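Student: Could you take me through one part of this structure closely, namely the place where the two chains touch, and then connect it to the rest?

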2 protein chains.
Amino acid sequence: MGDMPRIWNETIEAHRDAVREATINATAALVAQHGLTGVTMSQIAKDTGIGRATLYKYFPDVESILVAWHARQVDDHLRELLRVRDRTAGAAERLEAVLTAYAQAIFHRRAHDNDIAGMLHRGEHVAASHQHLREFIRELIAEAAAAGAVREDAPAEELTVYCLHALAAATSLPDQAAIHRLVQTTLTGIRTGIRK
Amino acid sequence: MGDMPRIWNETIEAHRDAVREATINATAALVAQHGLTGVTMSQIAKDTGIGRATLYKYFPDVESILVAWHARQVDDHLRELLRVRDRTAGAAERLEAVLTAYAQAIFHRRAHDNDIAGMLHRGEHVAASHQHLREFIRELIAEAAAAGAVREDAPAEELTVYCLHALAAATSLPDQAAIHRLVQTTLTGIRTGIRK
């Protein structure tokens with residue numbers, strides 16, 4: 001379609017994005033209302049007003065919509081962490097602020113989000129988003145190590161895996177004070193000058 | 001059946017245990033060979049030589065056998081940790097030895113064990129076994145705290161959740177040296193006198 005005017009291509013692209021967004025939003029609403037198993041393609045078509053045939057051109061099944069939804073959530077989450085990073089000065093402070101925001105996000109995640117994540121985590125589609133998150137945290141840890149605030153006797157990659165796993169404990173904690181203690185405990189594990 | 005002789009009841013009980021064991025073992029072997037989705041009740045009946053009708057009296061479906069298998073693994077795992085505890089002197093040393101054994105067990109866990117765990121973790125059947133593990137680690141942490149080796153400014157329950165999550169990072173680590181560093185990093189988070 002090389003002779004299509006660019007404006008027309010952009011219009012089509014915007015339309016496709018809108019259809020995807022509407023589909024994902026309707027699916028999210030249906031999951032919130034009926035749970036993961038109570039969502040069908042027919043119901044999604046009905047709620048969005050998108051014809052079933054059209055819907056199937058975008059997504060072959062409910063799971064593929066949930067995958068797109070989860071990817072969008074992980075992207076939103078990562079963007080929020082980037083914002084936190086960009087407004088915080090100092091390598092050590094940036095790391096602490098971002099890890100705190102990460103623990104908060106895990107703490108506030110809704111139960112059905114966890115169900116979806118549990119269902120999808122073995123899929124490769126999710127692996128890429130998580131790789132971005134890990135890479136992002138790894139850079140912050142490497143910067144804090146270069147600034148002398150974090151240990152350099154273990155690879156930043158290893159400390160990243162430790163931090164992300166330790167902070168996942170936020171799902172089981174009762175309140176903000178416990179989240180704060182968890183972040184401090186986790187950071188204590190990787191800070192310099194505090195090892196025996 | 002109050003008039004059954006005790007020896008007869010014991011014989012029946014031993015027989016039932018043997019049937020359960022054989023079923024679980026055959027299922028584990030089939031999973032190792034064909035993966036989680038390649039296991040059927042018919043195949044299990046065939047491999048064990050137990051009639052299908054009898055098999056269904058013990059387990060209604062493949063998932064219930066996997067649940068029993070996973071429970072047995074968690075119990076074996078817990079017994080091993082108890083042995084490690086019992087042969088180690090000193091509260092701080094006991095905690096370190098047990099957490100090391102726990103990280104090792106996670107590191108050596110086979111990929112299909114993780115699949116099964118992922119599939120089952122939302123079930124209540126598994127929650128009880130994990131509650132035992134958590135309670136066991138919580139006691140070790142409380143003892144180490146009473147001995148002055150672990151912080152007392154956070155509840156032992158919270159530090160337990162932190163340790164178990166942090167050590168789960170062992171699944172992503174490449175070798176024994178990394179596992180050792182992970183255990184030390186995790187312990188650094190909860191030891192006394194090393195917080196700023």
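Tutor: What follows starts at the contact between the chains and then moves into the chains themselves.

This is a predicted model, in which local features need pLDDT of at least 70, side-chain atom pairs count only at pLDDT 80 or more, and totals for chains, interfaces and linings use all residues. Residues are numbered from 1 along each chain as its sequence is written, chains are lettered from A and ligands numbered from 1 in the order in which they are written, and side-chain values use heavy atoms, with hydrogens and water left out.

The contact between the chains takes 30 residues from chain B and 30 residues from chain A, where contact means heavy atoms within 4.5 Å. Together, chain B and chain A bury about 2400 Å², with 60% of that area on carbon and sulfur atoms; buried area is the accessible area, found with a 1.4 Å probe, that two parts lose on being put together, summed over both. The rule finds 2 salt bridges across this interface, a salt bridge being a side-chain nitrogen of Lys or Arg within 4 Å of a carboxyl oxygen of Asp or Glu. In a salt bridge of 2.6 Å, N to O, the side chain of B:Glu158 meets that of A:Arg181. Between chain B and chain A, 5 residue pairs are in polar contact, with both residues at pLDDT 80 or more. On the side of chain B that touches chain A, the elements giving two or more residues are α8 (156-167) and α9 (176-190) of chain B, and α9(B) gives the most, with 9 residues. Such helices (H or I, at least four residues) and strands (E, at least two) are DSSP runs, numbered from the N terminus. A polar contact is a pair of N or O atoms within 3.5 Å; within protein, one must be able to donate a hydrogen and the other to accept it, and residues adjacent in sequence count only if both atoms are side-chain atoms.

A:Arg181 also leads us into chain A, where its backbone oxygen lies 2.8 Å from a polar atom of the side chain of A:Thr185. A:Thr185 is found in helix α9 (residues 176-190) of chain A, and it counts as buried because its relative accessibility is 2%. Here buried means under 20% relative accessible area, exposed over 50%, and partly exposed in between, using a 1.4 Å probe and protein chains only.

Looking at chain A as a whole, we find 9 helices and 0 strands, and 41% of its 196 residues count as buried. The largest nonpolar core has 74 residues, and A:Leu95, A:Ile141, A:Ile190, B:Leu95, B:Ile141 and B:Ile190 have the most contacts inside it. A nonpolar core is a set of buried Ala, Val, Leu, Ile, Met, Phe, Trp, Tyr and Cys residues joined through side-chain atoms within 4.5 Å. Leaving aside neighbours within four places in sequence, A:Ile141 is in contact with residues including A:Leu95, A:Cys163 and A:Ile190.

Another buried residue of chain A is A:Thr23, which has 0% relative accessibility and is found in helix α1 (residues 6-34). Again leaving aside neighbours within four places in sequence, the residues in contact with A:Thr23 include A:Ile44, A:Thr48 and A:Phe59.
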